[in-house]
Each structure stands twice: as structure tokens, then as C-alpha cells.
Amino acid sequence: MNIKFIAYRVFGLIFRLCRVFPVDGNKTFLIATHDDGPEGNIALAASAIKRKAPGMRFVKYTRKDRMGLISFFIVKAYHLATSGIVLLDNEFLPMAYTPFSKKTTVIQLWHGTGTIKKFGLDAENEKIAKLAKAGNQRIDHLIVGGERTKRQYASAFGIAPDHIRMTGLPRTDLLLDEEYIVRRKKAFLKWMGKKIKDPEKYRYILYAPTFRDAETSSPGLMIGSDFLDGLADDVILLLRFHPFVADAFSAEFKKRGDSGRVVDVSHFNGVTTLMSAADILITDYSSITFEYALLGRPMIFYAYDLDDFEANGRDFYEPYEEFVPGPVVRTEGELSELAGRLLSGDEEAFDRDKTALFIKDNYHKIDGHASERVAALALKKIRRE
């Protein structure tokens, strides 16, 4: 048996032993293994809970905590078993072996605001899917933004629709706050000022590709010098790789020795801040599409491997080229040409109506109060008791 699967069982055993201790309604356990930064769903939901329940205490588990055996197997298992609220932004496979108390509320926030590609039970191998489905049965509330996502997540998580809540995702609150976006762009430019002179004079393109299962240890970079050579000198390319491959990519990027016009922001703590500074987003099959759309700015979908992704990758929930709110290109030359048109203000290159329709079709509520609704759900059982 794989050592990871043994670890999940050991964690579950210790969790069960810790169930002898009472559940603390003033303690929340945060599983932030995708985004533990201040702009992630976990941090924003926790802040909203704290505002409604000032006495709440928080215990966090992140990817870094996997390295501490005692911390993981004993300390984290104890706190998970005795917390009144559990928030997650990712799968936590040990949950297949962690039967929670009826006094605990488990909320899966996930890390995407919607999905283009298939994931979860619709994409995992049989062994992982079995564990994931068992763990997902512990979820009291799965948070989504709209009816389309509700249908897709019911399949991807293997849980009944009556456990899925269309409250909206906390991280969208930031994107709807115009003053916050202005402040974060200023903060980003200040950070860029440590790397280049007069950062406010530049225009920024954010490239944020999706995670590809086959590239975990060696993520490819399908944008090179030819892309920037076709654009004005005041354009800087920001590279944001998925957390699963960010370390491998950043190590490779350092070896390349790219010019100051290409900046690796894979470890920058705050994707909303990056979006606030980006004049254009380039992506492919990533859920960042749903968030950036709320800014009403142009997107280009660089689907260089579309045919292969459909045939051999995860495939999609919707017809890809019809669904995405922007033009789809296959080559670096097409990408550069289109980016140049958008930066020059060519209105024909940006279909604003399609973006508006995308938002309407994928969001149930976009009022900037998603965090408050999630906090109310989290506290409902505790306050009733």
C-alpha cells in the first residue's frame, strides 16, 4: 500500500482517539493547502467569522505543515477533531477516515470560483476518487457561485445538491470592491519598484495557465521571447504558475535568466493583487477566468494543446471555445498579435457583451457580501446550541 494511504489511515485513527475530547464551538480549523494568503477564500471567510464571533480561535493547516510528523499526526488531528467549524479550500484525503461530531460544521470553499475543466471525481483515478468521495460525505456545505457550478460540483464532489450553497465565494468580494482594487494595484507597483525603475509607466500582462497533470515536476512555458518581441517596450509579462508546480517552475525560471520584462510572480502572496495590476489576462483552462471576468478586462485563451487536452487530459464540462469569455488562440504568433491589438485599444478585439453574459450565466449573487453569508452558515449550528 502507498505510504500516503497508510498516513491517511494513521491520521484517521488518531483523530478518532481525539474524539473523546469535547468539541470547542469557539475554535475553527482552517485547511488552506491551496491558498493560505490573505486574499484566499479561507482567510476571507475566517475574517468574516471573526467579525461575527470575536472570541473565535483559529488553527491553520497548510502545505508546509506536512513536514512535521508530530504536528500533523497529533496536534492537527486533535484540533481537527475538536473544532466546531472546519473550512477547506482543497481536498483533504485523510477526511475519508475522520467521522466528525454532529456538533462540527464542515464547509468546503474550494479554491476555484468556477470550473472549465473536469476535476475531482470526474477526473481522478479510481483509488483517489474512492477516498475523495468518502471524505466529501463529511461536508455540510459546499460553496459555489451559481447554478451551473452547482450542477458541476455535485458531480465532481459526489455529494447531494442539497448540501451545495450558492452564497458566492469570499474571494469575489475583493474583486467587486473598486477601492480595494485600486489600493492593491498601488501595492503591486510598489513591489515592482524593487525590480524595475518607474513601474507605473509599464503595462502588465498576467499569464496564469492551468495545472496539467503531466507537468508536476517539469511545467512547460509556452510563451517565450517571440511573444514580447511583437509588443511595445512598455509591456511586462507576469508569470503565475499553479501552486502544485510553482516551485519547479521558479527553479527552472532562475536558470533561464530572463530579462526584466518577464517576472515570475508564482509565489507572490495574493492573486487578486496580481489581477488588479493586469491590463490583460492570458490563461487557458484555469478557474481564474471566473474571477478576472468580474474586473471587465480583456482575456485571451491560449489553448496551444486544446486537442490533446480534450482527448488525453481532463476534458471539459462545456464546449470550450463557445464557453470561454474571450478569443481562443493556438500559437504564440496569434497570441502576440491579439495582445497587441488589445493593448492598443482595439475595441473589436474585446467582446464586452460576451464577458457580461458569462458573468450573468455563472453568478447567482455578486453583491460583495459572500464572506458574510459563508460566516453565517459556519456559525448557524454553534449559535443554535
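Biologist: Fine, and what are we looking at?

Modeller: A predicted model, where local features need pLDDT of at least 70 and side-chain atom pairs count only at pLDDT 80 or more, while totals for chains, interfaces and linings use all residues. Residues are numbered from 1 along each chain as its sequence is written, and side-chain values use heavy atoms, with hydrogens and water left out.

Biologist: Now V20. How do you know whether V20 is buried or exposed?

Modeller: V20 has 68% relative accessibility, so V20 counts as exposed. V20 sits in the loop between α1 (3-18) and β1 (24-31).

Biologist: Why are V20, F21 and Y78 called a patch?

Modeller: Patch members need over 30% relative accessible area and no salt bridge; nonpolar side chains (Val, Leu, Ile, Met, Phe, Trp, Tyr) are joined within 5 Å, like charges within 9 Å. A salt bridge is a Lys or Arg side-chain nitrogen within 4 Å of an Asp or Glu carboxyl oxygen. V20, F21 and Y78 form a nonpolar patch on the surface, with about 300 Å² of accessible area together. Accessible areas come from the Shrake-Rupley method with a 1.4 Å probe, and for residues only the protein chains shown count as cover.

Biologist: And K103, what makes that one partly exposed?

Modeller: Its relative accessible area is 48%, so K103 falls in the partly exposed class. K103 is in the loop between β3 (83-88) and β4.

Biologist: How do you know whether H111 is buried or exposed?

Modeller: At 16% relative accessibility, H111 counts as buried. H111 lies in the loop between β4 (105-108) and α4 (126-136). Leaving aside neighbours within four places in sequence, H111 is in contact with H34, N41, D89, N90, R171 and E291.

Biologist: Which backbone oxygen lies 2.8 Å from a polar atom of the H111 side chain?

Modeller: That of D89. A polar contact is a pair of N or O atoms within 3.5 Å; within protein, one must be able to donate a hydrogen and the other to accept it, and residues adjacent in sequence count only if both atoms are side-chain atoms.

Biologist: Last one: what makes a set of residues a nonpolar core?

Modeller: Its members are buried Ala, Val, Leu, Ile, Met, Phe, Trp, Tyr and Cys residues joined through side-chain atoms within 4.5 Å. The largest such core has 43 residues, and F188, Y204, L206, L238, M275 and Y320 touch the most other members. Helix α7 (residues 178-192) gives the most to this core, with 5 residues.

Definitions and conventions
Helix = DSSP H or I, 4+ residues; strand = E, 2+ residues; numbered from the N terminus. Buried < 20%, exposed > 50% of the residue type's maximum accessible area, 1.4 Å probe, protein only. Contact = heavy atoms within 4.5 Å.
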